[in-house]
Amino acid sequence: MTTKIAGKTLEEWKQECPLLGQIMATEEVFWANSQLESCNNRTINTQLGITDIEAAEQRLLRFAPYLAKVFPEIQEKNGIIESKLVPIPQMQQKLTEMYKQDIEGTLYLKCDSHLPISGSVKARGGIYEILKVAEEIATKHNMLSLSDDYSVLSEEKFRNLFSNYSIVVGSTGNLGLSIGIMSARLGFKVIVHMSSDAKQWKKDLLRQKGAVVIEHNTDYGKAVAAGRQQSQEDPKSHFVDDENSSTLFLGYAVAAKRLQKQLLDMKIPVDQEHPLFVYIPCGVGGAPGGITFGLRTVFGDNVHCFYAEPTHSPAMLLGLMTRKHDEVSAQQFGIDNITDADGLAVGRPSGFVGKTLEKDISGVFTIQDERLYPILRNLADTEGIFVEPSAVAGFIGPVQLFASAGGKEYLKRNCLEQKMKNTSHILWATGGGMVPKDIMDNFYQKGANS
Ligand SMILES: *Cc1c(COP(=O)(O)O)cnc(C)c1O
């Protein structure tokens with residue numbers, strides 16, 4: 001008997017998905033989603049909408065005075081956790097040389113790599129979810145009302161209150177950092193279940209901030225399962241569910257509203273004649289999913305969202321391509337899910353994200369680990385910006401958009417070929433701001449040797 005994967009044999013899947021052979025051979029691919037649909041003639045595939053994004057934005061505003069008080073680094077920004085959008089013309093030139101491929105339009109970097117407090121995109125969703133939990137507990141105990149100045153939350157009585165509760169999360173590293181730092185600061189007990197690929201410095205830093213770190217010899221999915229089970233046994237415990245949380249998702253989605261304002265301020269148009277292309281590294285899908293949801297809500301069909309995954313961890317690619325989402329994993333297709341790219345070592349995608357956005361994600365492309373280091377080094381040399389390897393996974397996207405059969409077909413199908421010179425491409429840099437200097441030096445060196 002041949003074993004089946006989500007109801008079909010491997011041969012049947014290969015028939016249905018022509019790219020599967022290359023994906024299984026861990027070759028780089030660029031896959032355009034044929035299920036993509038216009039936002040105009042339908043409601044997005046979810047109950048969530050613009051009012052939920054605005055409510056999340058409002059909640060972050062309520063917390064701003066508290067955040068400004070306890071994190072001096074964002075005092076100047078009045079407690080708003082946001083990153084810069086910067087043009088990277090020299091890197092654009094460099095990419096053109098590296099891959100001998102013209103890139104029409106203008107490249108920008110969204111520097112979530114340098115978001116305050118936890119130095120990665122997780123400072124959006126992760127911190128937001130913890131703030132929401134804290135608000136719920138404090139209001140339930142009649143110690144806080146929504147119209148209060150939230151800087152009172154730094155008082156001892158709130159720390160005492162929160163110390164009765166625990167926050168539990170499973171993570172490959174960066175989510176753990178954002179949850180751990182924020183929870184510990186508020187006074188929660190916090191337990192982070194870490195997968196085997198989590199870096200030592202991230203575990204050390206978390207313990208130093210006051211989190212309990214539990215190390216697992218298994219991958220991300222198993223670490224999350226362990227956290228979920230531990231949390232279920234304790235009613236005063238909140239589990240941050242990276243695979244299913246709509247709260248995390250909305251925290252990420254706020255990025256779109258902020259980006260809309262940044263683009264306006266920078267006089268960068270986004271409309272039918274000026275499309276916006278966004279390339280985001282994808283792990284389980286929460287961060288890119290939330291951002292995509294926000295962007296499609298704000299910009300509609302004028303935004304095109306592509307995800308980047310390592311060739312060895314094409315979780316979201318397999319989930320979307322087979323339309324089986326979390327019923328399939330990289331391992332089932334014989335792919336080992338071993339990658340240097342922190343945060344991207346995920347074998348099974350979020351079913352919630354895939355099902356919600358299967359008609360909104362433009363496509364997924366993969367990149368080999370070896371390519372990450374030279375890109376990282378070149379970004380540092382040309383623009384002076386240092387990010388972690390996973391954060392540059394998206395850089396191959398605009399190259400492949402013009403070079404690959406899948407990319408060309410996408411542009412043609414959507415009548416975009418004539419508009420590409422007016423296009424803004426945003427490479428979403430997802431992490432790196434907290435990487436210790438010696439480790440960053442090491443990444444930079446690796447970029448010269450490979
Ligand atoms: C978490 C993370 C991602 C991807 O986010 P998911 O929600 O797991 O898809 C990308 N890059 C970095 C650096 C991350 O930490």
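Buried area is the accessible area (1.4 Å probe) that two parts lose on being put together, summed over both. The views below come from a predicted model, in which local features need pLDDT of at least 70, side-chain atom pairs count only at pLDDT 80 or more, and totals for chains, interfaces and linings use all residues. Residues are numbered from 1 along each chain as its sequence is written, and side-chain values use heavy atoms, with hydrogens and water left out.

**View 1. Two domains make up the protein chain.** Domain 1 covers 4-47 + 77-117 + 247-449, and domain 2 covers 121-246; these bounds come from an automatic or database domain assignment. Their C-alpha centres are 27 Å apart. In the contact (heavy atoms within 4.5 Å), domain 1 takes part with 35 residues and domain 2 with 29 residues.

**View 2. The two domains bury about 2700 Å² between them.** Of this area, 60% is on carbon and sulfur atoms. Look for T247, L248 and D342: together they supply 26% of what domain 1 buries against domain 2, more than any other three residues.

**View 3. Salt bridges cross the interface of domain 1 and domain 2.** There are five of them, each a side-chain nitrogen of Lys or Arg within 4 Å of a carboxyl oxygen of Asp or Glu. The side chains of E388 and K202 form a salt bridge, at 3.5 Å from N to O.

**View 4. α10 gives the largest share of the side of domain 1 that touches domain 2.** This helix (a DSSP run of H or I, at least four residues, numbered from the N terminus) spans 246-265 and contributes eight residues. α11 (286-299) supplies at least two.
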